[in-house]
Amino acid sequence: MKRDIKSFSLPELQQSLAALGEKPYRAAQIFRWLYGWSGEPKQVGVQAFDEMLNLGKALQEKLSEHFFISRLEPANETLSTEIESSQTLKFLFRLTDGKEIESVLIPNHTHGRERWTVCVSSQVGCALACTFCATGYMGFTRNLTAGEIVDQVAFIQSWLTLHLDKTVTNVVFMGMGEPLLNLDHCLEAADMLSSSDYAFQIAPSRITLSTSGIATGIRKLADLGVKYKLALSLHSAIEEKRAAMMPVTNEFSLAELRSALKHYYDRTKKEVFYEYTLLAGINDGAEDADALIRFSHTVPCKINLIDYNPIANIDFTRPAEARQEAFIQRLHDAGLTVTLRRSRGKDIDAACGQLATASRSEKKIVRPVHT
Ligand code: SF4
(Lines give C-alpha, C1' and ligand atoms only; values in the text may rest on other atoms or scores of the structure.)
Protein backbone atom coordinates (compact mmCIF):
# COMPACT_ATOMS: atom_id res chain seq x y z
CA MET A 1 0.00 0.00 0.00
CA LYS A 2 1.28 3.48 -0.87
CA ARG A 3 2.20 5.67 2.08
CA ASP A 4 1.86 9.41 2.48
CA ILE A 5 5.36 10.80 2.00
CA LYS A 6 4.50 13.75 4.23
CA SER A 7 3.88 11.41 7.17
CA PHE A 8 7.63 10.68 7.30
CA SER A 9 10.16 12.67 9.26
CA LEU A 10 13.36 13.46 7.39
CA PRO A 11 15.37 10.67 9.10
CA GLU A 12 12.50 8.21 8.51
CA LEU A 13 12.41 9.08 4.83
CA GLN A 14 16.19 8.70 4.60
CA GLN A 15 15.83 5.18 6.00
CA SER A 16 12.94 4.36 3.75
CA LEU A 17 14.82 5.51 0.66
CA ALA A 18 17.90 3.54 1.71
CA ALA A 19 15.69 0.44 1.94
CA LEU A 20 14.63 1.12 -1.65
CA GLY A 21 18.26 1.31 -2.74
CA GLU A 22 18.36 5.10 -3.00
CA LYS A 23 20.87 7.53 -1.52
CA PRO A 24 19.65 9.07 1.77
CA TYR A 25 20.50 12.62 0.61
CA ARG A 26 17.54 12.36 -1.77
CA ALA A 27 15.23 12.74 1.27
CA ALA A 28 16.39 16.32 1.85
CA GLN A 29 15.83 17.11 -1.83
CA ILE A 30 12.32 15.67 -1.65
CA PHE A 31 11.52 17.65 1.50
CA ARG A 32 12.60 20.86 -0.24
CA TRP A 33 10.16 20.08 -3.06
CA LEU A 34 7.39 19.36 -0.54
CA TYR A 35 7.89 22.46 1.61
CA GLY A 36 9.81 24.96 -0.51
CA TRP A 37 8.48 27.53 -2.95
CA SER A 38 7.51 26.30 -6.39
CA GLY A 39 5.46 27.06 -9.48
CA GLU A 40 3.85 30.09 -10.97
CA PRO A 41 1.80 31.45 -9.31
CA LYS A 42 4.15 30.90 -6.44
CA GLN A 43 2.99 28.32 -3.89
CA VAL A 44 4.44 26.13 -1.19
CA GLY A 45 5.11 22.55 -2.23
CA VAL A 46 4.59 20.53 -5.39
CA GLN A 47 1.66 18.16 -5.87
CA ALA A 48 3.32 15.39 -7.91
CA PHE A 49 6.62 13.52 -7.97
CA ASP A 50 7.24 14.40 -11.63
CA GLU A 51 7.49 18.05 -10.56
CA MET A 52 10.60 17.17 -8.49
CA LEU A 53 12.88 18.07 -11.33
CA ASN A 54 16.28 17.20 -9.89
CA LEU A 55 15.38 13.60 -8.97
CA GLY A 56 15.44 11.98 -12.40
CA LYS A 57 12.67 10.01 -14.04
CA ALA A 58 13.57 6.62 -12.54
CA LEU A 59 13.40 7.90 -8.97
CA GLN A 60 10.25 9.90 -9.67
CA GLU A 61 8.58 6.69 -10.86
CA LYS A 62 9.87 4.69 -7.93
CA LEU A 63 8.49 7.29 -5.53
CA SER A 64 5.10 7.15 -7.28
CA GLU A 65 5.04 3.37 -6.80
CA HIS A 66 5.63 3.55 -3.06
CA PHE A 67 4.29 6.90 -1.89
CA PHE A 68 1.65 9.52 -2.50
CA ILE A 69 1.68 13.25 -1.66
CA SER A 70 -1.19 14.19 0.64
CA ARG A 71 -2.71 17.62 0.59
CA LEU A 72 -5.11 19.46 2.82
CA GLU A 73 -8.42 19.97 1.09
CA PRO A 74 -10.09 23.22 2.10
CA ALA A 75 -13.63 22.32 3.12
CA ASN A 76 -14.67 25.96 3.48
CA GLU A 77 -13.21 29.38 3.92
CA THR A 78 -15.13 31.99 5.82
CA LEU A 79 -14.28 35.64 5.65
CA SER A 80 -14.82 37.53 8.86
CA THR A 81 -17.05 40.55 8.53
CA GLU A 82 -15.70 42.06 11.73
CA ILE A 83 -12.52 43.53 10.28
CA GLU A 84 -12.81 45.00 6.85
CA SER A 85 -9.27 46.07 6.14
CA SER A 86 -7.56 43.15 7.82
CA GLN A 87 -9.74 40.14 7.69
CA THR A 88 -9.53 37.14 9.98
CA LEU A 89 -9.96 33.90 8.10
CA LYS A 90 -10.90 30.49 9.35
CA PHE A 91 -9.90 27.53 7.21
CA LEU A 92 -11.61 24.18 7.59
CA PHE A 93 -9.42 21.41 6.17
CA ARG A 94 -10.27 17.83 5.29
CA LEU A 95 -7.42 15.38 5.89
CA THR A 96 -6.75 12.34 3.70
CA ASP A 97 -8.67 10.10 6.14
CA GLY A 98 -11.70 12.41 5.93
CA LYS A 99 -11.22 13.94 9.39
CA GLU A 100 -11.50 17.71 9.67
CA ILE A 101 -9.37 20.31 11.42
CA GLU A 102 -9.36 24.08 11.49
CA SER A 103 -6.72 26.78 11.30
CA VAL A 104 -7.04 30.53 11.57
CA LEU A 105 -5.19 33.37 9.88
CA ILE A 106 -5.11 36.39 12.16
CA PRO A 107 -3.83 39.70 10.78
CA ASN A 108 -2.57 42.27 13.22
CA HIS A 109 -1.41 45.71 12.16
CA THR A 110 -0.54 47.70 15.27
CA HIS A 111 2.28 50.06 16.23
CA GLY A 112 3.37 50.22 12.60
CA ARG A 113 4.06 46.48 12.54
CA GLU A 114 2.33 44.05 10.25
CA ARG A 115 1.86 40.54 11.59
CA TRP A 116 0.19 37.59 9.92
CA THR A 117 -0.29 34.88 12.50
CA VAL A 118 -1.44 31.37 11.73
CA CYS A 119 -3.06 29.43 14.55
CA VAL A 120 -2.57 25.72 13.82
CA SER A 121 -4.26 22.61 15.14
CA SER A 122 -2.10 19.82 16.57
CA GLN A 123 -4.69 17.08 17.03
CA VAL A 124 -8.06 16.06 15.63
CA GLY A 125 -10.25 16.93 18.63
CA CYS A 126 -8.86 17.02 22.14
CA ALA A 127 -9.00 14.69 25.13
CA LEU A 128 -8.77 17.37 27.79
CA ALA A 129 -12.39 18.55 27.83
CA CYS A 130 -11.97 22.11 29.09
CA THR A 131 -15.49 23.30 29.83
CA PHE A 132 -15.23 26.61 27.95
CA CYS A 133 -13.82 25.09 24.77
CA ALA A 134 -15.74 23.91 21.72
CA THR A 135 -12.98 21.48 20.71
CA GLY A 136 -13.06 19.92 24.17
CA TYR A 137 -16.58 18.66 23.49
CA MET A 138 -15.46 16.74 20.40
CA GLY A 139 -13.32 14.22 22.27
CA PHE A 140 -9.97 13.05 20.93
CA THR A 141 -9.60 11.32 17.57
CA ARG A 142 -5.89 11.32 16.69
CA ASN A 143 -2.62 13.22 16.63
CA LEU A 144 -1.69 15.15 13.51
CA THR A 145 1.56 14.28 11.76
CA ALA A 146 4.25 16.96 11.48
CA GLY A 147 3.41 17.14 7.77
CA GLU A 148 -0.26 17.84 8.51
CA ILE A 149 0.69 20.61 10.92
CA VAL A 150 3.14 22.22 8.50
CA ASP A 151 0.66 21.87 5.64
CA GLN A 152 -1.80 24.15 7.46
CA VAL A 153 0.79 26.91 7.28
CA ALA A 154 1.80 25.90 3.74
CA PHE A 155 -1.76 26.20 2.46
CA ILE A 156 -2.37 29.52 4.19
CA GLN A 157 1.01 30.88 3.06
CA SER A 158 0.13 29.99 -0.54
CA TRP A 159 -3.29 31.62 -0.13
CA LEU A 160 -1.74 34.73 1.40
CA THR A 161 0.81 35.03 -1.39
CA LEU A 162 -1.81 34.65 -4.09
CA HIS A 163 -4.45 36.96 -2.63
CA LEU A 164 -2.54 39.59 -0.67
CA ASP A 165 1.13 39.10 -1.54
CA LYS A 166 1.91 38.74 2.18
CA THR A 167 3.96 36.36 4.30
CA VAL A 168 3.11 34.40 7.43
CA THR A 169 5.15 36.00 10.22
CA ASN A 170 4.02 34.10 13.34
CA VAL A 171 2.68 30.67 14.17
CA VAL A 172 0.85 29.74 17.37
CA PHE A 173 0.00 26.16 18.33
CA MET A 174 -3.33 27.15 19.86
CA GLY A 175 -5.86 25.51 17.57
CA MET A 176 -7.54 22.17 18.12
CA GLY A 177 -5.70 19.84 20.46
CA GLU A 178 -3.07 19.91 23.19
CA PRO A 179 0.35 20.36 21.52
CA LEU A 180 2.34 18.91 24.42
CA LEU A 181 0.43 15.62 24.07
CA ASN A 182 1.70 15.47 20.49
CA LEU A 183 5.04 16.98 21.34
CA ASP A 184 7.37 15.13 18.96
CA HIS A 185 5.29 15.99 15.90
CA CYS A 186 4.78 19.59 17.05
CA LEU A 187 8.50 20.12 17.56
CA GLU A 188 9.26 18.51 14.23
CA ALA A 189 6.74 20.87 12.60
CA ALA A 190 8.13 23.92 14.43
CA ASP A 191 11.65 22.97 13.33
CA MET A 192 10.48 22.79 9.72
CA LEU A 193 8.65 26.12 9.99
CA SER A 194 11.79 27.83 11.30
CA SER A 195 14.27 26.04 9.02
CA SER A 196 16.07 28.04 6.34
CA ASP A 197 15.59 25.07 3.97
CA TYR A 198 11.89 25.65 3.37
CA ALA A 199 9.50 28.40 2.36
CA PHE A 200 8.44 29.64 5.81
CA GLN A 201 11.66 30.67 7.63
CA ILE A 202 9.77 31.91 10.67
CA ALA A 203 12.05 32.99 13.51
CA PRO A 204 11.79 30.63 16.52
CA SER A 205 10.86 33.62 18.69
CA ARG A 206 7.73 33.99 16.54
CA ILE A 207 6.55 30.43 17.12
CA THR A 208 4.53 29.74 20.28
CA LEU A 209 3.70 26.36 21.77
CA SER A 210 0.69 26.58 24.02
CA THR A 211 -0.29 24.09 26.71
CA SER A 212 -3.23 23.66 29.02
CA GLY A 213 -0.79 22.54 31.69
CA ILE A 214 0.97 19.28 30.82
CA ALA A 215 3.74 19.63 33.40
CA THR A 216 5.73 16.67 32.04
CA GLY A 217 5.73 18.27 28.58
CA ILE A 218 6.94 21.59 30.00
CA ARG A 219 9.84 19.77 31.67
CA LYS A 220 10.64 18.01 28.41
CA LEU A 221 10.70 21.33 26.52
CA ALA A 222 13.09 22.67 29.16
CA ASP A 223 15.38 19.66 28.93
CA LEU A 224 15.44 19.87 25.14
CA GLY A 225 16.29 23.59 25.37
CA VAL A 226 13.68 24.50 22.77
CA LYS A 227 13.90 27.91 21.13
CA TYR A 228 10.17 28.47 20.86
CA LYS A 229 7.94 30.53 23.13
CA LEU A 230 5.84 28.80 25.77
CA ALA A 231 2.30 29.86 26.61
CA LEU A 232 0.31 28.35 29.47
CA SER A 233 -3.49 28.51 29.32
CA LEU A 234 -4.04 29.24 32.98
CA HIS A 235 -7.59 30.68 33.21
CA SER A 236 -7.56 30.42 37.02
CA ALA A 237 -4.81 30.30 39.61
CA ILE A 238 -7.21 28.90 42.20
CA GLU A 239 -6.92 25.11 42.24
CA GLU A 240 -10.62 24.18 42.61
CA LYS A 241 -11.82 26.71 40.07
CA ARG A 242 -9.19 25.66 37.56
CA ALA A 243 -9.97 21.98 38.09
CA ALA A 244 -13.67 22.67 37.48
CA MET A 245 -12.88 24.41 34.19
CA MET A 246 -9.86 22.38 33.14
CA PRO A 247 -9.94 18.74 34.26
CA VAL A 248 -6.22 18.46 33.37
CA THR A 249 -5.63 20.20 36.73
CA ASN A 250 -6.58 16.93 38.47
CA GLU A 251 -3.58 15.31 36.82
CA PHE A 252 -1.16 18.23 37.03
CA SER A 253 -1.88 20.49 39.99
CA LEU A 254 -0.93 24.16 40.14
CA ALA A 255 1.92 23.20 42.47
CA GLU A 256 3.26 20.76 39.86
CA LEU A 257 2.88 23.41 37.19
CA ARG A 258 4.81 25.94 39.26
CA SER A 259 7.59 23.42 39.76
CA ALA A 260 7.70 22.60 36.01
CA LEU A 261 7.75 26.31 35.11
CA LYS A 262 10.65 26.95 37.48
CA HIS A 263 12.52 24.08 35.86
CA TYR A 264 11.70 25.54 32.43
CA TYR A 265 12.96 28.97 33.40
CA ASP A 266 16.09 27.59 35.08
CA ARG A 267 17.00 25.79 31.88
CA THR A 268 15.91 28.28 29.23
CA LYS A 269 15.86 31.69 30.92
CA LYS A 270 12.80 32.41 28.80
CA GLU A 271 9.71 34.16 30.12
CA VAL A 272 6.36 32.39 29.99
CA PHE A 273 3.08 33.76 28.65
CA TYR A 274 -0.07 33.09 30.66
CA GLU A 275 -3.33 32.99 28.76
CA TYR A 276 -6.30 33.92 30.93
CA THR A 277 -9.82 34.10 29.52
CA LEU A 278 -12.01 36.35 31.63
CA LEU A 279 -15.35 34.69 32.39
CA ALA A 280 -18.06 36.68 34.14
CA GLY A 281 -18.60 35.59 37.73
CA ILE A 282 -16.15 32.73 37.36
CA ASN A 283 -12.57 33.99 37.42
CA ASP A 284 -12.84 37.78 37.19
CA GLY A 285 -13.01 38.84 40.87
CA ALA A 286 -10.44 40.43 43.19
CA GLU A 287 -9.53 37.08 44.78
CA ASP A 288 -8.94 35.67 41.28
CA ALA A 289 -6.66 38.58 40.39
CA ASP A 290 -4.75 38.14 43.65
CA ALA A 291 -4.27 34.40 43.01
CA LEU A 292 -3.01 35.22 39.52
CA ILE A 293 -0.60 37.79 40.96
CA ARG A 294 0.78 35.19 43.38
CA PHE A 295 1.11 32.60 40.59
CA SER A 296 2.89 35.17 38.44
CA HIS A 297 5.73 35.33 40.95
CA THR A 298 6.77 31.80 39.90
CA VAL A 299 8.89 32.85 36.89
CA PRO A 300 9.21 35.99 34.71
CA CYS A 301 6.02 36.18 32.71
CA LYS A 302 3.59 38.22 30.68
CA ILE A 303 -0.17 37.88 30.96
CA ASN A 304 -2.53 37.82 28.01
CA LEU A 305 -6.08 38.39 29.12
CA ILE A 306 -8.50 37.09 26.53
CA ASP A 307 -11.88 38.51 25.81
CA TYR A 308 -14.28 35.54 25.92
CA ASN A 309 -16.31 34.70 22.83
CA PRO A 310 -19.66 33.20 23.62
CA ILE A 311 -20.07 29.75 22.05
CA ALA A 312 -23.44 28.35 21.09
CA ASN A 313 -24.78 26.13 23.86
CA ILE A 314 -21.96 26.88 26.30
CA ASP A 315 -23.14 28.89 29.25
CA PHE A 316 -20.33 31.39 29.87
CA THR A 317 -20.31 35.14 29.33
CA ARG A 318 -17.69 37.86 29.26
CA PRO A 319 -17.49 40.28 32.21
CA ALA A 320 -18.81 43.83 32.00
CA GLU A 321 -16.25 46.42 30.89
CA ALA A 322 -15.89 47.94 34.39
CA ARG A 323 -15.17 44.56 35.98
CA GLN A 324 -12.58 43.81 33.28
CA GLU A 325 -10.93 47.17 33.91
CA ALA A 326 -10.83 46.58 37.68
CA PHE A 327 -9.19 43.18 37.13
CA ILE A 328 -6.57 44.65 34.82
CA GLN A 329 -5.89 47.55 37.17
CA ARG A 330 -5.24 45.16 40.07
CA LEU A 331 -2.66 43.29 37.97
CA HIS A 332 -1.07 46.54 36.83
CA ASP A 333 -0.86 47.76 40.42
CA ALA A 334 1.06 44.58 41.25
CA GLY A 335 3.57 45.48 38.52
CA LEU A 336 2.57 42.78 36.04
CA THR A 337 2.75 43.14 32.26
CA VAL A 338 -0.76 42.61 30.99
CA THR A 339 -2.28 42.71 27.52
CA LEU A 340 -5.99 42.45 26.89
CA ARG A 341 -6.39 40.53 23.70
CA ARG A 342 -9.60 41.39 22.00
CA SER A 343 -10.62 38.20 20.27
CA ARG A 344 -10.35 38.46 16.54
CA GLY A 345 -12.80 36.86 14.22
CA LYS A 346 -15.42 36.04 16.79
CA ASP A 347 -18.11 36.40 14.18
CA ILE A 348 -16.73 33.35 12.42
CA ASP A 349 -16.09 31.27 15.55
CA ALA A 350 -12.38 31.57 14.90
CA ALA A 351 -11.24 32.74 18.28
CA CYS A 352 -9.56 30.83 21.08
CA GLY A 353 -11.54 27.82 22.21
CA GLN A 354 -13.98 28.04 19.34
CA LEU A 355 -12.44 25.91 16.67
CA ALA A 356 -14.21 23.10 14.93
CA THR A 357 -17.40 22.30 16.67
CA ALA A 358 -19.17 25.45 17.67
CA SER A 359 -21.81 24.94 15.03
CA ARG A 360 -21.94 21.18 15.45
CA SER A 361 -22.41 21.00 19.19
CA GLU A 362 -26.02 20.05 19.71
CA LYS A 363 -26.44 19.48 23.39
CA LYS A 364 -27.05 22.27 25.85
CA ILE A 365 -23.93 22.62 27.94
CA VAL A 366 -24.54 23.95 31.41
CA ARG A 367 -21.92 26.01 33.18
CA PRO A 368 -20.33 23.57 35.61
CA VAL A 369 -18.11 25.99 37.54
CA HIS A 370 -19.18 27.31 40.93
CA THR A 371 -19.49 31.05 41.00
S1 SF4 B 1 -8.77 24.54 25.51
FE2 SF4 B 1 -7.15 23.42 24.47
S3 SF4 B 1 -6.65 21.75 25.92
FE4 SF4 B 1 -8.66 22.53 26.54
S5 SF4 B 1 -10.12 21.21 25.47
FE6 SF4 B 1 -9.76 23.03 24.18
S7 SF4 B 1 -8.17 22.37 22.74
FE8 SF4 B 1 -8.15 20.93 24.48
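What covers the buried residues of helix α2 includes α1 (10-19), β3 (43-44), α3 (57-66), α4 (146-164) and α5 (183-194), where a contact requires C-beta atoms, placed from the backbone, within 7 Å, and helices (H or I, at least four residues) and strands (E, at least two) are DSSP runs numbered from the N terminus. This is a predicted model, in which local features need pLDDT of at least 70 and side-chain atom pairs count only at pLDDT 80 or more, while totals for chains, interfaces and linings use all residues. Residues are numbered from 1 along each chain as its sequence is written.

Within α2 (residues 25-35), the buried residues are R26, A27, I30, F31, L34 and Y35, a residue being buried if 20 or more other C-beta atoms lie within 10 Å of its own, exposed if 12 or fewer, and partly exposed in between.

The axes of α9 (residues 286-295) and α10 (residues 321-333) come within 10 Å and cross at roughly 30 degrees, with axes fitted to C-alpha atoms over the stretch in contact and angles running from 0 to 180 degrees between N-to-C directions. Their contact is made by A286, A289, L292 and I293 of α9 together with F327, R330 and L331 of α10.

Around the ligand stand 12 residues, of which the closest are C126, C130, C133, G136 and S212, counted when the C-beta atom, placed from the backbone, lies within 6 Å.

How values were computed
Contact = placed C-beta atoms within 7 Å.
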